[in-house]
Amino acid sequence: MEEKINRLYSDFHAQKLGVHCYPNEFLVRTMLGKYPELKISHEYQGKKVLDWACGDGRNILLLHNCGLSVSAFEITEEICTGVEERMQQLYNIPIDIRVGRNNKVPFADNSFDYIVASSSIYYVDHNSNFNENYDELCRVLKTGGYIIMTLSRSDNFILKDCVKWQDKEGHYQITNDPYGLRNGDIFRVWQNEEEIRETFSKDFGDICIGKTVEDYYGMHIALWLVVMRKI
């Protein structure tokens with residue numbers, strides 16, 4: 001299963017490594033904007049950030065322009081090489097990108113002041129569970145550091161017809177991905193804000209939760225936006 005997933009995602013991201021690079025809107029708003037319920041330090045200069053499962057690297061240019069030293073990981077060497085070449089050749093941005101997984105992050109303890117996890121941290125390997133992802137998050141993030149992430153809401157399009165995964169609480173298997181990419185993947189899903197706070201509050205404070213619900217021409221996208229500080 002892991003080998004199949006690696007091949008699917010390598011091929012998917014290879015098709016997206018074009019010239020242009022656009023960051024996620026939620027990240028632009030979170031890192032550069034000011035909102036009544038958002039508590040985050042915008043003092044990025046000289047700090048270190050991890051782009052957690054960075055995909056095609058679309059957020060790296062924004063992170064670099066904020067003055068952050070950028071590291072990243074992805075699940076195959078092919079994806080990592082493509083992202084590294086894109087950043088160096090097109091933007092002259094040095095990054096430390098390594099092969100890793102959500103439950104095996106390839107960086108040392110207390111390495112980062114910020115972690116960005118855009119639609120990524122809730123992916124769970126078949127022989128694992130979200131607790132292992134959570135432990136890795138706590139391990140590599142410094143005390144006082146921030147994580148900025150999106151979590152899939154239960155009404156997100158990707159969870160249509162999903163099925164509960166074994167007896168693991170909140171874990172679901174994707175069965176009806178209209179893009180044909182994530183069928184068989186396991187997601188950790190939170191039903192409401194209270195569940196999110198219950199999961200993370202033992203290690204994190206200043207938990208700020210927003211949400212975005214959009215309809216892109218029949219594609220219903222619903223995400224939790226979460227920012228919190230490690231205590």
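Predicted model: local features only at pLDDT ≥ 70, side-chain atom pairs only at ≥ 80, totals over all residues.

Analyst: The chain has six helices and 11 strands.

A compact globule of 231 residues would have a radius of gyration near 17 Å, and the chain agrees because its own value is 17 Å. Of the 231 residues, 53% are buried. Among contacts with a separation of 6 or more, 67% are between residues 24 or more positions apart. The exposed surface comes to about 11300 Å², with carbon and sulfur atoms supplying 47% of it.

Now the sheet. Seven strands make up an open sheet, and their order across it is β3-β2-β1-β4-β6-β11-β10. Its edge strands are β3, residues 96-99, and β10, residues 204-216, each of which pairs on one side only. From one strand to the next, the twist averages 15 degrees. In general, strands of a sheet pair through backbone hydrogen bonds, either parallel or antiparallel. In this sheet the pairing is mixed.

Helix α5, residues 130-140, lies across β1, β4 (112-117), β6 (141-152), β10 and β11 (219-230). Its direction is at about 145 degrees to β6. Helix α6, residues 193-200, also packs on the sheet, where it touches β6, β10 and β11. The direction of α6 makes about 145 degrees with that of β10.

Helix α5 can be described residue by residue. Its buried residues include Phe130, Asn133, Tyr134 and Glu136, and Leu137, Cys138 and Val140 are buried too. At the N-terminal end, Asn129 caps the helix: one of its side-chain oxygens lies 2.9 Å from the backbone nitrogen of Asn131.

Ser120 lies between β4 and β5 (123-124). Buried means under 20% relative accessible area. Ser120 has 4%, so Ser120 is buried. Leaving aside residues up to four places away in sequence, Ser120 touches Trp52, Ala53 and Asn102.

Terms used:
Residues numbered from 1 in each chain as written. Heavy atoms only, no water. Pairing = 2+ DSSP bridges. Helix = DSSP H or I, 4+ residues; strand = E, 2+ residues; numbered from the N terminus. Axes fitted to C-alpha atoms, helices over the stretch in contact; angles between N-to-C directions. Contact = heavy atoms within 4.5 Å. Buried < 20%, exposed > 50% of the residue type's maximum accessible area, 1.4 Å probe, protein only. Polar contact = N/O pair within 3.5 Å; in protein donor to acceptor, adjacent residues only side chain to side chain. Rg over C-alpha atoms; globule rule 2.2 N^0.38 Å. Areas by Shrake-Rupley, 256 points an atom, 1.4 Å probe, with all protein chains shown as cover.
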